[in-house]
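Thanks for passing this one along. Here are my notes, point by point, to read with the model open beside you.

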Amino acid sequence: MRAPDRRADLLVVGGGLIGLAVAAAAAERGLLITLVSTALPGAASRAGAGLLVPRYSGEGASGPVTRLLAAGRDLYPSYVRWVDELSGVRVPLRMAGAVEVGRSPAETAALQDAPPTDAMR
């Protein structure tokens with residue numbers, strides 16, 4: 001491997017979905033990128049399986065968190081189109097929904113009381 005002619009403008013650590021997205025966006029803006037990554041079985045991008053969930057019931061769940069999750073879900077199709085155009089590789093995308101399961105009577109009640117995900121915009 002040949003050493004680059006100049007130093008990178010940006011060092012991105014991590015070649016998962018977020019690291020690659022940051023590197024691609026920065027390179028598109030003319031920055032020279034150095035990407036440092038290792039392929040680890042079970043890495044985060046694989047573990048997420050491409051899920052974008054518009055509801056979060058854990059600690060800190062509130063209106064702003066819910067709106068952020070819904071915005072990520074809503075913006076994702078335009079991001080996929082950008083990756084398609086930039087790479088020439090078709091990225092499969094299905095916006096088919098998700099199944100939420102209450103593991104206890106309290107979780108089930110919370111899911112039943114929650115607004116529909118389309119109402120979280």
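1. Let me start with the charged pairs: the structure holds 2 salt bridges, where a salt bridge is a side-chain nitrogen of Lys or Arg within 4 Å of a carboxyl oxygen of Asp or Glu. Before you look them up, please note that this is a predicted model, in which local features need pLDDT of at least 70 and side-chain atom pairs count only at pLDDT 80 or more, while totals for chains, interfaces and linings use all residues. Residues are numbered from 1 along each chain as its sequence is written, and side-chain values use heavy atoms, with hydrogens and water left out.

2. One of the salt bridges joins Asp-74 to Arg-73, with 2.9 Å between the closest N and O atoms. The side chains of Arg-73 and Asp-74 are also joined by a polar contact of 2.9 Å; that term stands for a pair of N or O atoms within 3.5 Å, where within protein one must be able to donate a hydrogen and the other to accept it, and residues adjacent in sequence count only if both atoms are side-chain atoms. Are the two partners buried or exposed? Arg-73 has a relative accessible area of 9% and is therefore buried, whereas Asp-74, at 35%, counts as partly exposed. Here buried means under 20% relative accessible area, exposed means over 50%, and partly exposed is in between (1.4 Å probe, protein chains only). You will find Arg-73 in helix H3.

3. The salt bridge between Glu-107 and Arg-103 has an N to O distance of 3.2 Å. Arg-103 is exposed, with a relative accessible area of 73%, and Glu-107 is partly exposed at 30%.

4. Now to the rings. What does a search of the whole structure find in the way of aromatic pairs? It finds 2 of them. Tyr-76 and Tyr-79 make a tilted pair, 5.8 Å centre to centre with 35° between the planes. Tyr-79 also pairs with Trp-82, again tilted, at 5.7 Å centre to centre and 35° between the planes. For the cut-offs, rings of Phe, Tyr and Trp (its six-membered ring) pair if their centres lie within 6.5 Å; planes under 30 degrees apart count as stacked, over 60 as edge-to-face and the rest as tilted.

5. Why are Tyr-76 and Tyr-79 separated by about one helical turn? Because they are 3 residues apart in helix H3 (residues 63–87). Tyr-79 and Trp-82 are likewise 3 residues apart in helix H3, so about one helical turn separates them. Tyr-76, Tyr-79 and Trp-82 form one aromatic cluster, and Tyr-79 itself is partly exposed at 24% relative accessibility.

6. On the surface, a nonpolar patch is formed by Leu-11, Val-13 and Val-36, which together have about 300 Å² of accessible area. Patches are made of residues with over 30% relative accessible area and no salt bridge, with like charges joined within 9 Å and nonpolar side chains (Val, Leu, Ile, Met, Phe, Trp, Tyr) within 5 Å. Accessible areas come from the Shrake-Rupley method with a 1.4 Å probe, and for residues only the protein chains shown count as cover. Val-36 is partly exposed at 42% relative accessibility and lies in strand E2 (residues 33–36).

7. Strand E2 also holds Ile-33. Which residues does Ile-33 touch, not counting those up to four places away in sequence? They are Ala-8, Leu-10, Val-12, Ala-23, Ala-26 and Ala-27, a contact being heavy atoms within 4.5 Å. Ile-33 and Arg-7 are 26 residues apart in sequence, and their C-alpha atoms are 8.8 Å apart in space.

8. Glu-100 sits in the loop between H3 and helix H4 (105–113) and is partly exposed at 40% relative accessibility. From Glu-100 to Leu-111 there are 11 residues in sequence and 7.7 Å in space, C-alpha to C-alpha.

9. Last, the chain as a whole. With 4 helices and 2 strands, its elements run β-α-β-α-α-α from the N terminus on; helices (H or I, at least four residues) and strands (E, at least two) are DSSP runs, numbered from the N terminus. Of the 121 residues, 11% count as buried. The accessible surface comes to about 9,500 Å², of which 61% belongs to carbon and sulfur atoms. Among contacts between residues at least 6 apart in sequence, 38% join residues at least 24 apart.
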